[in-house]
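Hi everyone, thanks for coming. Have a look at the model on the screen, and I'll walk you through a couple of spots.

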Amino acid sequence: MTTVASEVVAAAGGQTRAAKRASWCALTAVKRRVVEGVRRPLERLRRAKVGGELVSEGGDESSTGGAVGLGERKVWKRRRKDEDEEEGEEDDRTSGITEEGEGGGGGGDGSGDQHRVIFLGRPQPYRFCSNYITTAKYSVYSFIPSFLFEQFRRYSNCFFLFIALLQQIPDVSPTGRYTTLVPLIFILSVSAIKEIVEDVKRHRADGEINHRELEVLRDGHWQWVQWLDVVVGDVVKVHNDNFFPADLIILSSSEPQALCYIETANLDGETNLKIRQGVSETALLLETKDLDQFTATIECDLPNRHLYEFTGVLRRSGKPIVPLGPDQILLRGAKLQNTNWVFGVVVYTGHETKLMMNSTSAPLKRSTVDRITNHQILWLFFILIVLCLASAIFNVFWTQSHMSNVWYLGVDDLFSVNFGYNLLTFIILFNNLIPISLQVSLEVVRYIQATFINMDIDMYHKESNTPAMARTSNLNEELGQVKYIFSDKTGTLTRNVMDFKKCSIAAQIYTLEDNDPTQGPIIESLRHNDQAAPFIREFLTLMAVCHTVIPESGGKEDGPLTYYAASPDERALVNGARKFGYVLKTRTPEIVEVDALGEKKLFEVLHILEFTSSRKRMSVVVRLPDGRIRLYCKGADTVIYERLAPAGGGPGAWGGPGPGTLGEAGGISVEESQHIKDMTLKHLEHFASDGLRTLCCAVADVSDEFYEEWKNTYYKASTSIHYRERKIEDAANLIENNLVILGATAIEDKLQEGVADTIFALLKADIHLWVLTGDKQETAINIGYSCKLINTDTTLFLLNADSLDSTRDAIIKHMAELKEMREMRAETEVAVIIDGKTLKYALGCEIRKDFLDLCICCRVVICCRVSPIQKAEVVEYVTIHTKTVTLAIGDGANDVAMIQKAHVGIGISGEEGLQACCASDYSIAQFRFLTKLLFVHGAWNYSRMCKLILYSFYKNICLYVIELWFAIYSGWSGQILFERWSIGLYNVLFTAAPPLAMGLFDRLCSAETMMKYPSLYKTTQSSQFFNVRVFWVWIGNALIHSVLLYWLPFLALQKDVIWGNGREGGYLLLGNIVYTYVVVTVCLKAGLITNAWTWLTHLAIWGSIVAWFLFILIYSNFWPTIPLGAVMLGMDRMIFSSPVFWLGLILIPFSSLLLDIFVKVIYNTAFKSTTERVRESEIRKTDPEKVILKEPRHKLTETARLLKNVRNVFKRTTTRVNMEVELSHGFAFSQEEHGAVTQSEVIRAYNTNLPKPGDTFL
């Protein structure tokens, strides 16, 4: 019967991927029947042999190979339910981004509702999701419906479609059947091309990821295949510094006991490495033949979005079941580090990986200017309907009163249908009040503006050959209105590189720059064996011994050393010790070898007391080469100082000072000991002010008797069933006592180039900066100091609450003090720092508003230990609460959610993959490029787009409302004043160039000035150039101009004095004269609002006027040679021969613009803005700095002064004194806690004297 089952499975596995679903279902049904009938007895037999190893709570039935028994399913289901109900901080941090259900669909595996079954060493009987991923907005099939939905969300396009349909009704349109339809099709075509071009870039970025290659074991050989061809069940080989292509179960690795190090900064933002370990049953699969012959079955959860939750089992025939958990899974998006290679089996692929299930579909974003315009178009449509109804009603009145006098028009025959037809006619006639050309102009200008961003050499990163990229052009103007920036930390502000910079030893600061192996002060001190020499010797020994770093020499005895560590801080310390001459050479499970200035020393590692967030320290107990036992300890200054020996005491306090202690150089007095303590604290404050990460270092001698007694105590604590962690910590406290201070270390978490200057500029531009990171609070605050986001004068409001009530109390307390300061936030030197657990309470419905009010009063907010979904929630709530433009910037997959939630999403094309870039609206290579993107491109584009939109409405209303004034004298009949082709070419030829010139070349100030004076950004940030009031002021201005441009020529021609002979030219002559004045006026208006004149601006404005005159000369002579425009025959001679026309050409446009000129003069004289002053100084070629310095500054109110005076009171009431001291002293240390393998187990597994399994074994 087992053979029958195998044959069925093999038959299913032999099917091609293109087999019909029916055959799959049939095979699945057969397999299930075989499993039910055959494997129950086998499982009962196995349980009997292993003593009931697999026990089911729900019944005595369970399976061994293909499906999980009913009872086991119930246990799993009940366990998941209990875990969900008890979900705490860690669950919230890893809960993913979306709120989708946990089950993600089994990819058609048909293996049951509760789990997925994967076969190793044989074909898969089920089809799973492809490993192809896409982050693009459109596909071939979804483009048309999605694109049309996006376009017709604009009310203007819906209106133009309505007009185009009306024009198809015979005898209704006075302007022809296709005058709206053709431009609308053209607009949609241009928009479609732009969207396709932008989405092709996304597809290319996705293609770059999908076409990466890795080694896959197929047919007994390693083959290089592309990521998209990886399938579930594949055994893959991932090399060091490479990302995982899918979610894998680790089988074995180049490290002992199937250990491997992974970097998850792309997932959770944490800087330290995580340790993962394969199960012992697969750890020895190191050769190709072993992997190829290995057969087993993996049963695991269905795809879900929980990043750090995984439950599964490994089943092998005749072997006990092996449990699999989160410690064995390697997630897509993580990177292999410090490990030569790892073998893994693929369990989830493509969009079923946990990373992709945490992603959301690309949102369809619109700019604030677009939304305002959309709403105003709706109001204009209502006004248009009112005008059309009024015109149609007036036509009825006029017809009734003139029916007997104008019998020759036959109006009495059409009276029954006259109102309806006239209403439609006027709707078509006045439809150009909403400019259809605006959409074309916007699309063209935005695309070229995006090209300017892509081609900006100042935002090109030469080292990585990465230019800036505008992945969408619809948000160009939004870059000029940003009020809040939400930034990731790791990879965005920092490089995730730790460097040892300096240290304090025995009250003396030493830096690497001062150190020379032969002439440095440290070497000199050791040579002369002065009073500081014992401290230096012990300090460097501590740096070289007190850690869990693994040295590697590449298999060569004298090869170059490479240090591998889960903690970047520890690796930096060991590298620092090496530069000072204390080199970590090898590590075995028991011994650490150190080359101390050429002298070989062996230290036996007895115990490692690991770092945790509660302990805030790490210690190692070692046996020295001379046989003595010594404890080396490093950690936060608060926990070290409270464990120091009393004044005058020293190491060896348990058995008296032992020989060879720090007193070997003659001893130190109580005063000297206190001096070292005090100076070390001052040095810590100095290091912290420079933004360096600090650790305090101490040492203590341990007597043999005490150690033996303590070892028994520690063993009992570590094997305790109840309260093990607390007992281990208590045991550690027994030996970590009576310490002697050695000094302190200072490590630099390297910032990206120019980060501090960029943040300073952003704050000067009145932009609020929030840092959202998954890293620890100490690390985040330390980075805040180093990048000058906060300083020593900044009051820190630390919100670390453990309940909703305590969170509410802390927020209300601070709000009571800050309530009167909301109007002067720029002067508030307060920063809010909150952790992920407290943030979960703060974002609850009850206190969310109070929390946001508190944060908005501060320029800086730092959220630590936050999950991806919390990042998205913060951005969403601030966006809704403040109703301002928000920007999110990050470089990892954990930043995708907030990038998509913000108005503008910026992706850093850094070292954490391309996930953030693919989901972003704009991508840049460095955080420092953000200033150029916002202050120059953003401010310029906002100003340009505002003028373009306002001017487009202005010029259309200026011309087409004249049809309303003409309707008064045409019996409200819908007769047009202008020739049809003139109307059609108004927005295409005669007034198209000026708005394009403004949209592309106009600017407030030069780029250099905008970058030098960030406060100029406030002008565009405050939406002064475009809002509802400004929009309707421009509409009113256009109405005034239309009145003047119609009635003044009308009055001039009213008495038929256009020529000396008394002739008249008809209504069309009036129309062409008015049209000429309109073209000249609107072009001059463009010049009046232009700030920067280029030769292209001159060409656009004066060229448009010349184009109209050339058009008249040419078009008036078409007929009869070209059967077109018969009514225009000879129009050029009639117009140009009239002295009234030429006189009006000078007076009427000037008269129309006289009010505009007057307002501009008054505004630039009495109400001149800072931007205008700076622009004038640029024109005069004088230094704008004097203008900036004269800018009025708000004085601090009494409330602000009160806040500054009670800063220390706030500190004491907000958090513990110890926390304050740690923050002011720069304590920070990155280390994985409660990982898959303890640090003690890691170092006990390594023997660097033995060669690692490598490619020679494969």
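**A sheet and its helices**

So, here's an open sheet of nine strands, paired antiparallel, in the order β17-β16-β26-β25-β24-β23-β22-β21-β20. Strands are DSSP runs of E, at least two residues, and helices are runs of H or I, at least four, numbered from the N terminus; two strands pair if DSSP finds at least two bridges between them. At the edges stand β17 (508-511) and β20 (582-587), each with a single partner strand, so one side of each has no neighbour in the sheet.

Quick word on the source: this is a predicted model, where local features need pLDDT of at least 70 and side-chain atom pairs count only at 80 or more, while totals for chains, interfaces and linings use all residues. Residues are numbered from 1 along each chain as its sequence is written, and side-chain values use heavy atoms, leaving out hydrogens and water.

Back to the strands: β21 (residues 591-596) and β22 (residues 599-609) run antiparallel and are joined by six bridges. In that pair, Val592 sits opposite Phe603 in β22. Helix α15 (residues 533-545) packs on the sheet, touching strands including β16 (494-505) and β26 (740-751); contact means heavy atoms within 4.5 Å. Helix α22 (residues 777-786) packs on the sheet too, touching β16, β25 and β26.

Now over to another helix, α39, where Phe1158 is found. Is Phe1158 buried or exposed? It's exposed, because its relative accessible area is 54%, and the cut-offs are under 20% for buried, over 50% for exposed, and partly exposed in between, using a 1.4 Å probe and protein chains only.

Key:
Axes fitted to C-alpha atoms, helices over the stretch in contact; angles between N-to-C directions.
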